[in-house]
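This briefing is intended for a reader who is new to the structure shown below. Please view the sequence and the model together before turning to the points that follow.

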Amino acid sequence: MSSTYEFFYFESHGIVLTSRLLLSLGGFEWKDKYPKNWAEEKPTTPLGKLPVLTEQRADGSTFVLAESNAINRYLARKAGLFGGNEDEAALVDQFYESWNEIVTKRRPIRQIKDSNPEKYAEDYPNYIETIVKPILAKHEQHLAKSGSNYYVGDKISLVDVAASVVIATQINNSGNAEITEHTYPHLWQLYQKVSSLDAVKAEASRFSVKK
């Protein structure tokens, strides 16, 4: 008997779509858990926030892990989606962190969209030009040289999944720096390749995406 997993998060996707896709692509036996009374449940979680992954192991022990990026790395390693050797694993981590930079630097700007639309109108284009586009250009260059159009090796890894999620939820809904077959052809090919997988389509369609 192998481990079973419970993924504790709200009934939406957003960036946690990466975790759910890794659970599905990795062939894990897993289920969702949704908050019923978050005010009461919050203190019971490792860090007082979601998501939380709970693993019930075959020996009867339980392992609980919080923080999206920690969960993603843990699942990717267990599923063999973290590169085929140490060099590839390091590159997966490098480019994964680069996508995370796009996400984390976007959050404070998005938070002022309604409260301070004038500042948002100034800050968001600057974020696209100074943060997003330079990062995308470097990723495009790397994928152009990869041969397989995956970040490492000849199969999907954590960073390929994360890239597709960020493109879908953070970039191609923004109206700026859209990734298309003309603007970033290799990133576009990767996005199309990952998005076309049956497990990805099935999981992505279950909930609305929290943008």
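Predicted model: local features only at pLDDT ≥ 70, side-chain atom pairs only at ≥ 80, totals over all residues.

**Helix 6 and the terms used**

- Helices (H or I, at least four residues) and strands (E, at least two) are DSSP runs, numbered from the N terminus.
- Buried means under 20% relative accessible area, exposed means over 50%, and partly exposed lies in between (1.4 Å probe, protein chains only).

**The largest pocket**

- The largest pocket has a volume of about 820 Å³.
- Among its 29 lining residues, Tyr9, Ile15, Ser68, Val103 and Arg107 are the closest to the centre.
- A pocket is found on a 1 Å grid over the protein atoms alone, as an open set of points where a 1.4 Å probe fits, with protein on both sides within 12 Å along at least five of seven lines; lining residues have an atom within 4 Å of a point.
- Grid points are joined across faces, edges and corners, and a volume is the space filled by probe spheres set on the points.
- Helix 3 (68-79), helix 4 (86-110) and helix 6 (158-171) each supply at least two residues of the lining of the largest pocket, and helix 4 gives the largest share, 8 residues.
- The lining of the largest pocket consists of 12 nonpolar, 10 polar and 7 charged residues, where Ala, Val, Leu, Ile, Met, Phe, Trp, Tyr, Cys and Pro count as nonpolar, Asp, Glu, Lys and Arg as charged, and the others, Gly among them, as polar.
- Domain 1 (4-79) and domain 2 (86-200) each contribute at least three residues to the lining of the largest pocket; these domain bounds come from an automatic or database domain assignment.

**The second largest pocket**

- The second largest pocket holds about 160 Å³ of space.
- It is lined by 13 residues, of which Leu17, Ala168, Ser195, Val200 and Ala204 lie nearest its centre.
- Helix 1 (17-25), helix 6, helix 7 (185-195) and helix 8 (198-204) each provide at least two residues of this lining, with the largest share, 4 residues, coming from helix 6.
- By class, the lining of the second largest pocket has 9 nonpolar, 3 polar and 1 charged residue.

**The annotated N-terminal span**

- An unreviewed UniProt entry places the feature "domain: GST N-terminal" at residues 3-83; UniProt positions follow the numbering used here, feature names are shortened, and annotations may be inferred rather than shown by experiment.
- Residues 3-83 are 31% helix and 25% strand, and the end C-alpha atoms of the span lie 22 Å apart.

**Backbone features in loops**

- The peptide bond from leucine 50 to proline 51 is cis, with omega near 10°, and proline 51 is in the loop between helix 2 (38-41) and strand 3 (52-56).
- Glutamate 67, in the loop between strand 4 (62-66) and helix 3, has a positive phi near 75° although it is not a glycine; this residue is partly exposed at 35% relative accessible area.
- Asparagine 149, in the loop between helix 5 (117-146) and helix 6, also has a positive phi, of about 65°, and is not a glycine; at 7% relative accessibility, asparagine 149 is buried.

- Phenylalanine 95 is found in helix 4 and is buried, with a relative accessible area of 8%.
- The C-alpha atoms of phenylalanine 95 and lysine 138 are separated by 9.6 Å, and the two residues are 43 residues apart along the chain.
- Glutamate 101 is found in helix 4 and is partly exposed at 29% relative accessibility.

Note on methods: Residues numbered from 1 in each chain as written. Heavy atoms only, no water.
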